[in-house]
Amino acid sequence: MAGLTRRDGRTLFAAWLGYLMDGFDFVLITLVLTEVADTFELSTVTAATLVSAAFISRWFGGLAIGAVGDGYGRKPAMILSIVLYSVGSLACGLSWGYWSMFAARLLLGLGMAGEYSASATYVIESWPAAARNRASSLLISGYAVGAIVAGQLYRFVVPAWGWRAMFFLGVIPIALALWMRRGLRESTDWEQARAAATGRGTGNTAAAQPDFVSVLYRGRHALLNHAVTLAVGLSLFLLFTERAGRLTWPLAALAAAGFVLFAAQFAGRRTPMMVTLMITVFCAFLYSWPIQALLPTYLKKDLDFSPGTVSDMLFFAGFGNVAGCVLVGFLGDRWGTRRTYVASLCVSMLFVLPVFAMDSGQTVWLALLLFFQQMFAQGISGLLPKLIGGYFRTPERAAGLGFTYNVGSLGGAVAPVLGASLAGGHSLGPSLAWLTFSLTLVVIVLIAVDAPLRVQQLFRADTPVAAVDSPPVPRSRAPRRRGGKNVAAEDDWFAAEHD
């Protein structure tokens, strides 16, 4: 890759390893869900709430650890997140019942949220602007590789030592965190933004922008925000532990209102953009996580596959995810992030329904279909950090990306419970297929029309969304033409994608 240095490679590899272990820790519950359900005597729907638990806490993890990343640097935030999800994985292995594992999954979710925002912003800001789609997608491929490793270990570890042993392996990332503290430098963009904010190097004497936590919990609305935080947390807890009863919709509305309130205090006049972005990510999780969370359960229960065959299927699915991440990274830098995203999702829809039309005797066809479905549907997630990050300035990017993505990731908490509930005790296949197919179509429309930009223009036509402080285009680089218009090269995160 022309223009990349050895430091760029080391930066990506260090963050990629952290994301690999993140993926390893996070998918463990989906692999051993049936074993955990048998041990704790849980129904499929109740067991699925253990998958959801990690998503419940992610919104706060994205907010808090994102604020650490913006205030103290991307590197400390990465290390903190790795320690959190490693301890969470260990606690899952030591759990003695449903509630202890639920609490452990909450802790793991905090760490994963921080890993996403900190690692993504760190790598993307450290790489040259023209290669940032590749940086984003190659980083996210680490998650898929971690899922593959977990799937392959499952076939050997669980039959020999039981499901708890899988979670004990999740402590390994702590050693990686210590190595990262010693070996990494801070992101270039963050250092430049901090220098500018403190008046070094640019002559700008403006004070550093307050971080997200300070805005919410130390400002004039601190008391209100503490109360709203508790209300949102309690609402999500009741919703995803099957205790909401007739209050399901009021509690969902209360949580949504809390998130909008927090976004408004953070984004100000750009609130319509941020809220629409959260809705887009929510729908993206709704289409992807029914399969991500319940595929192992579907293979074991509906198709009666052995642990070895399940591992084989997950290998092909995970390898397709990795291949997709690599492919869309290069295509994104060439075609643009949004164009590549939409095209890839359109292709993925060709494979969704056939995946769940296979029976237990068609393992070869099922493996191939899973490979291509995940390649085009899940591999595209490699571009999501680049897509979201382009809507935020450098001083607020980690918190903005982290909060937006992790609030949207509540779609991943809804997805497994919704998929299991729609099945109604029958085959999971039809509910997973149609849920994935319909929500993929919704996401295609939202991204194709650039919904965050359109909604922002509708409500705040006087407020540009493209307030991204990217470096100027070098004079030696001629602007490209897209659709008859001259546009800057992708040094400007936003302008190149929203022309």
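Helices and strands, as I use the words today, are DSSP runs numbered from the N terminus: helices are H or I runs of at least four residues, and strands are E runs of at least two. With that in place, Leu383 lies in the loop that joins helix H17 (363-377) to helix H18 (384-389).

Before I go on, a word on the source. This is a predicted model, in which local features need pLDDT of at least 70, side-chain atom pairs count only at pLDDT 80 or more, and totals for chains, interfaces and linings use all residues. Residues are numbered from 1 along each chain as its sequence is written, and side-chain values use heavy atoms, with hydrogens and water left out.

Let me return to Leu383. This residue is buried, with a relative accessible area of 0%; buried means under 20%, exposed over 50%, and partly exposed in between, with a 1.4 Å probe and protein chains only. Which residues does Leu383 contact, apart from its neighbours within four places in sequence? They are Asn133, Ser136, Ser137, Val328, Gly329, Thr337, Thr340 and Tyr341, where contact means heavy atoms within 4.5 Å. The C-alpha atom of Leu383 is also 9.3 Å from that of Arg132, although 251 residues separate the two along the chain.

I turn now to the chain as a whole. The chain has 22 helices and 2 strands, and 61% of its 499 residues count as buried. Among contacts between residues at least 6 apart in sequence, 80% join residues at least 24 apart.

Next, the packing of helices. Two packed helices are described by the angle between their axes and the distance between the axes. Here the axes are lines fitted to C-alpha atoms, for helices over the stretch in contact, and angles run from 0 to 180 degrees between N-to-C directions. The axes of helix H1 (residues 6-31) and helix H3 (residues 44-56) come within 9 Å, crossing at roughly 155°. H1 and H3 are therefore roughly antiparallel; angles under 35 degrees count as roughly parallel, over 145 as roughly antiparallel, 65 to 115 as roughly perpendicular and the rest as oblique. Phe26, Ile29 and Thr30 of H1 meet Leu50, Val51, Ala54 and Phe55 of H3.

Helix H2 (residues 33-40) and helix H14 (residues 271-302) also have axes that come within 9 Å, but these cross at roughly 75°. H2 is thus roughly perpendicular to H14. Leu33, Thr34 and Glu35 of H2 make the contact with Leu294, Thr297, Lys300 and Lys301 of H14.

Two loop residues follow. Glu41, between H2 and H3, has a positive phi near 60° without being a glycine, and is exposed at a relative accessible area of 73%. Asp304, between H14 and helix H15 (307-335), likewise has a positive phi of about 60° and is exposed at 65%.

I close with confidence. The mean pLDDT, the predictor's confidence in each residue from 0 to 100, is 80 for the chain, and 86% of residues reach 70 or more. Over residues 201-207, pLDDT stays under 50, and over residues 466-497 the value is also below 50. Where pLDDT is low, the predicted coordinates should not be read in detail.
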